[in-house]
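Please look through the sequence and the structure below, and then follow the account of the strands, their pairing and the confidence of the model.

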Amino acid sequence: DAGVIQSPRHEVTEMGQEVTLRCKPISGHNSLFWYRQTMMRGLELLIYFNNNVPIDDSGMPEDRFSAKMPNASFSTLKIQPSEPRDSAVYFCASSQTHPSRGVNYGYTFGSGTRLTVV
Amino acid sequence: DQQVKQNSPSLSVQEGRISILNCDYTNSMFDYFLWYKKYPAEGPTFLISISSIKDKNEDGRFTVFLNKSAKHLSLHIVPSQPGDSAVYFCAASVKGSARQLTFGSGTQLTVLP
């Protein structure tokens, strides 16, 4: 099992440009989460999907951020236009949730994408 | 409004001694708690968890204690090793669908040789 795969590992872009971050969850996991890590706020949940459907996007900072999950094996997080304050490490995580038991045994995180907007 | 708080951004401990990392929460609906460990340039990895029906869970050198009345949990590492140096995140979740985790801001543990 290759784990959760994120690409790119590092991204440096100019302010105003579009940035797309990619994630491949673990096969068989039915929940996918996008997190942002900053020094000030730690790990913030941006959005999560369950069975490819966005369930809660209340953590998305503003309309410049959008996320999609077209199928069970791929998700993207897009920032358009990007701003310097978007600079952070973005993590994708997946998990297997059992709705009948209401238990999630924890997430598996990818290695993250370090985004720098200059 | 931070529902999960780790008030100590950093902690230094001598090798062989006990490391105690603390976490407080405000949401009384949380019923499952986890600790994650994160090395630089890697994603967080699951370390240990505890259900609200327990007050202690032990796994080797790692023990998590839960005090529901105080809404407080702690992670004890005994004995601490230099390889334990990492950022430790406390996380909590509410029973129900999807089970999203709410994370604290993390504590950087440095174990000195």
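**Strands and confidence**

In the hairpin of S4(B) and S5(B), where six residues lie between the strands, Ala41(B) takes a positive phi near 65 degrees. The model is predicted, so to speak of local features requires pLDDT of at least 70 and side-chain atom pairs count only at pLDDT 80 or more, while totals for chains, interfaces and linings use all residues. Side-chain values use heavy atoms, with hydrogens and water left out, residues are numbered from 1 along each chain as its sequence is written, and chains are lettered from A and ligands numbered from 1 in the order in which they are written.

Strands here are DSSP runs of E with at least two residues, numbered from the N terminus, and two strands pair if DSSP finds at least two bridges between them. S4(B) and S5(B) (residues 45-51) run antiparallel and are joined by six bridges, with Ile50(B) in S5(B) as the bridge partner of Phe33(B). S4(B) also pairs with S9(B) (residues 86-94), in the antiparallel sense over eight bridges, and there Phe89(B) is the bridge partner of Tyr36(B). Because nine of the nine residues of S4(B) (residues 30-38) are buried, this strand is largely enclosed by the rest of the structure; buried means under 20% relative accessible area (1.4 Å probe, protein chains only).

In chain A, the mean pLDDT (the predictor's confidence in each residue, from 0 to 100) is 90, and 92% of the residues score at least 70. Confidence in chain A is lowest in S11 (residues 103-104), at a mean of 52, and highest in S3 (residues 19-24), at 98. Where pLDDT is low, the predicted coordinates should not be read in detail.

Definitions and conventions. Buried means under 20% relative accessible area, exposed over 50%, partly exposed in between (1.4 Å probe, protein chains only). Helices (H or I, at least four residues) and strands (E, at least two) are DSSP runs, numbered from the N terminus.
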